[in-house]
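Me: Please take me through this model by asking, for each label, how the value meets its definition.

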Amino acid sequence: MKATVRAHPNIALVKYWGKRDEALILPHQSSLSLTLAPIHVTTTVEFGAPSDTVELHGHVARGSERDRVLRLLDAVRVQAGRDLGPAKVVSRGDFPMAAGLASSAAGFAALAVAGRAAAGLPADTRASSILARRGSGSACRSVQGGFCEWQRGERADGEDSYAVQRFDAGHWADLRMVVAILDRGEKEVKSRDGMKGTVETSPYYPAWVKDAEAEVPRARELIAKRDLEALGELCERNAWRMHATSLAADPPLCYLNASTLGLIQHLREQRKKGVPVWFTLDAGPNPVLLTDAAHEIAAEALARACGAVDVVRCVPGGDATLLSEHLF
């Protein structure tokens, strides 16, 4: 009745931005991501505890934070078809939680896989991805490693909306992602609220959905060929368009700050000098730089020169994995 899983966060190369179903967390369009290592979240789940308790990154979870975890475990109980009793959950990450690294993606992927294992359910990648999605949309892409595509699906119940691995972590071992942490502060507008406002008020949103969906097969083709330059250009284009859609919302939603723009401009100048480095940017001020192993150190130096207070260097990561040692 106890299981522990380690899962990695992911960074979307083609972004997920906006839900067509808030309750089931179903996206308006597909997305494609890269799982990042060595950073990770480790989660232990035990059923049959004296009471439901949730500890996240060293603090006792309360309110909506706690409710999201327990709702996912309620879904595990339904799948198990039997009374599993209360659950104890302890989850810890080894990277900055406010760095824009989608700790919730790694956390809910680990929770989904560990919850099913603790309930005695068989290993099932698709079922775990669907379950993780119900905790945090991008979590469905962290159940497996490498490059994963979250298929938007068509069904109202969400059973065809899950992530599939397109290429494993070894496909492009030379690829590097360098996270430039320019601002550790919490976002004024959380991603889920920003998405909702953008979907409801941005006149650009329908165009975003159509364009982003079309970028997914293009990205797959470039990843297959390991075309860094073309993939970098696609990532930047997709990130700019996501943020442009948010800027057009009412009220306008801007996640960028002066340091973000300064670093992005500096990357353009460095590319003219032959340094192969591009950016992608989720809902926050901290860009993630896309480059190769030969230029990883140069990318870190660029980030620090532009004011990064910390830098996290990442390689393609693997699947969510069951561990023999538990957190409690």
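**Labels and the values behind them**

Reply: In residues 178-295 the end C-alpha atoms are 10 Å apart, and this span is 57% helix and 10% strand. The model is a predicted one, and the UniProt record, an unreviewed entry, lists residues 178-295 as "domain: Mvd1 C-terminal".

Me: What makes domain 1 and domain 2 two parts of the chain, and where do their centres lie?

Reply: The bounds come from an automatic or database domain assignment, which gives 2-168 to domain 1 and 175-316 to domain 2. The C-alpha centres of domain 1 and domain 2 are separated by 23 Å.

Me: How do you know that domain 1 is in contact with domain 2?

Reply: Contact requires heavy atoms within 4.5 Å, and 33 residues of domain 1 are in contact with 47 residues of domain 2. The area buried between domain 1 and domain 2 comes to about 3,300 Å², with carbon and sulfur atoms giving 70% of it. On the side of domain 1, Leu13, Lys15 and Trp17 lose the most area to domain 2, and together they account for 26% of what that side buries.

Me: Why is the pair Lys15 and Asp282 called a salt bridge?

Reply: The rule asks for a side-chain nitrogen of Lys or Arg within 4 Å of a carboxyl oxygen of Asp or Glu. The N to O distance between the side chains of Lys15 and Asp282 is 2.5 Å, and the pair therefore qualifies as a salt bridge. Across the interface of domain 1 and domain 2 the rule finds two salt bridges, while 10 residue pairs there are in polar contact, both residues being at pLDDT 80 or more.

Me: Which elements supply the side of domain 1 that touches domain 2?

Reply: At least two residues each come from β2 (10-14), β5 (31-37), β10 (147-150) and β11 (163-167), and β5 gives the most, with six residues. Sorted by class, that side of domain 1 has 18 nonpolar, eight polar and seven charged residues.

Me: Why does the pair Arg77 and Asp74 count as a salt bridge?

Reply: The closest N and O atoms of Arg77 and Asp74 are 2.8 Å apart, and because the cut-off is 4 Å, the pair counts as a salt bridge. Both residues, Arg77 and Asp74, sit in helix α1 (residues 63-80), three residues apart, which is about one turn of the helix. By this rule the count comes to 19 salt bridges.

Me: What makes the contact of Asp211 and Arg241 a polar one?

Reply: A polar contact needs a pair of N or O atoms within 3.5 Å, one able to donate a hydrogen and the other to accept it. The side chains of Asp211 and Arg241 are joined at 2.8 Å, so the distance falls within that cut-off.

Me: Which peptide bonds are cis, and where do their prolines lie?

Reply: A cis peptide bond joins Ala37 and Pro38, with omega about 5°, and Pro38 is in the loop between β5 and β6 (41-47). The bond from Asp250 to Pro251 is also cis, omega being near 5°, and Pro251 is placed in the loop between α6 (228-247) and α7 (258-272).

Me: What is the phi value of Ile25?

Reply: Phi of Ile25 is near 55°, a positive value in a residue other than glycine, and Ile25 lies in the loop between β3 (19-21) and β4 (26-27).

Definitions and conventions:
Residues are numbered from 1 along each chain as its sequence is written. Side-chain values use heavy atoms; hydrogens and water are left out. UniProt positions are given in the numbering used here, feature names are shortened, and annotations may be inferred rather than shown by experiment. Helices (H or I, at least four residues) and strands (E, at least two) are DSSP runs, numbered from the N terminus. Buried area is the accessible area (1.4 Å probe) that two parts lose on being put together, summed over both. Ala, Val, Leu, Ile, Met, Phe, Trp, Tyr, Cys and Pro count as nonpolar, Asp, Glu, Lys and Arg as charged, and the others, Gly among them, as polar.
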